[in-house]
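Please consult the sequence and the coordinates alongside the text.

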Amino acid sequence: MDNLTKEQRHKNMKNIKSHDTKIELMLRKELWARGYRYRKNYTKLPGVPDIVFTQYKIAVFCDGEFFHGKDWEVLRPHLQAGQNPEYWTKKISRNIERDQEVNQMLLYEGWTVIRFWGKDILKHCDDCIKVIEECIFDLRMQDVQLEDGYEHLLE
């Protein structure tokens, strides 16, 4: 049961941001402070990733738990007991499907996809940064190995 009036709920939903959210800003600030440069809300890629490292082909998404269906099997029964269950179940199910479709499209185009839950960014931002740094390191090492593998052809 909703504790808010229809007008209050409308106002709350209207104010939910899709860009420059608290979790995005937190992650971006820390990346910037460590010297990483990136594109934000990169519209040239499917799904419009929140942070993109074009040089390394890394797309980072900062997903909110509710709208992207974290622990969906736990969340679904709660939604079905609340108001407008068909709408919310359909909406969040479609968001989960869309996230999977976007991941597949980006992987097919040769991108590395990293997704973080909002609470993970808020509570463990350093761990999230380490995941990105390790990914960049791995991709750099692949480039070095490829360059070393072709040296004998240049001689």
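How many residues lie between β2 and β3 in the hairpin that they form? There are four residues between the two strands, and Lys57 in the turn has a positive phi of about 60 degrees. The model is a predicted one.

**Overall arrangement**

The protein contains six helices and four strands, which follow the pattern α-α-β-β-β-α-α-β-α-α along the sequence. Of its 155 residues, 33% count as buried. Among the contacts with a separation of 6 or more, 55% are between residues 24 or more positions apart.

**The sheet**

The four strands make up an open sheet in the order β1-β2-β3-β4, with mixed pairing. Its edge strands are β1 (39-40) and β4, each of which pairs on one side only. Strand β2 (residues 51-53) runs antiparallel to β3 and is joined to it by three bridges. On the other pairing, β3 and β4 (residues 112-117) are parallel over six bridges. The table lists residues that stand opposite one another in these pairings.

| Residue | Opposite residue |
|---|---|
| Phe53 | Ile58 in β3 |
| Ile58 | Thr112 in β4 |
| Phe61 | Arg115 in β4 |

Strand β3 (residues 58-63) is mostly covered, six of its six residues being buried. Ile58, Val60 and Cys62 point one way from the strand, whereas Ala59, Phe61 and Asp63 point the other way. In a regular strand, side chains alternate between the two faces of the sheet.

**Helices against the sheet**

Helix α2 lies across β1, β2, β3 and β4 and runs at about 140 degrees to β3. Helix α4 (residues 85-108) lies across β3 and β4, running at about 150 degrees to β4.

The length of α2 can be checked against expectation. At 1.5 Å a residue, its twelve residues (22-33) should span 16 Å, and the end C-alpha atoms are 16 Å apart, which agrees. Within α2, the residues Ile23, Glu24, Leu27, Arg28 and Leu31 are buried. These residues cover an arc of only 120 degrees around the axis, and therefore they lie on the same side of α2. The face turned away from that buried side carries the exposed residues Lys22, Lys29 and Ala33. After α2 comes Gly35, whose phi is positive, near 90 degrees.

In soluble globular proteins, nonpolar side chains tend to be buried together. Here the largest nonpolar core has 21 residues, of which Leu27, Leu31, Phe53, Ile58, Val60, Phe116 and Ile132 touch the most other members. At least two residues of this core are supplied by each of α2, β2, β3, β4 and α6 (125-154). The largest share, seven residues, comes from α6. Apart from this core lies another, of eight residues, including Val52, Ala59, Val102 and Leu106.

Which residues does Phe116 touch, not counting residues up to four places away in sequence? Phe116 touches Leu27, Val60, Phe61, Cys62, Asp63, Ile121, Cys128, Val131 and Ile132.

Note on methods. Residues are numbered from 1 along each chain as its sequence is written. This is a predicted model: local features need pLDDT of at least 70, side-chain atom pairs count only at pLDDT 80 or more; totals for chains, interfaces and linings use all residues. Side-chain values use heavy atoms; hydrogens and water are left out. The expected span of a helix is 1.5 Å times one less than its number of residues. Buried means under 20% relative accessible area, exposed over 50%, partly exposed in between (1.4 Å probe, protein chains only). The arc is that of the directions from the helix axis to the C-beta atoms. Two strands pair if DSSP finds at least two bridges between them. Contact means heavy atoms within 4.5 Å. Axes are lines fitted to C-alpha atoms, for helices over the stretch in contact, and angles run from 0 to 180 degrees between N-to-C directions. A nonpolar core is a set of buried Ala, Val, Leu, Ile, Met, Phe, Trp, Tyr and Cys residues joined through side-chain atoms within 4.5 Å.
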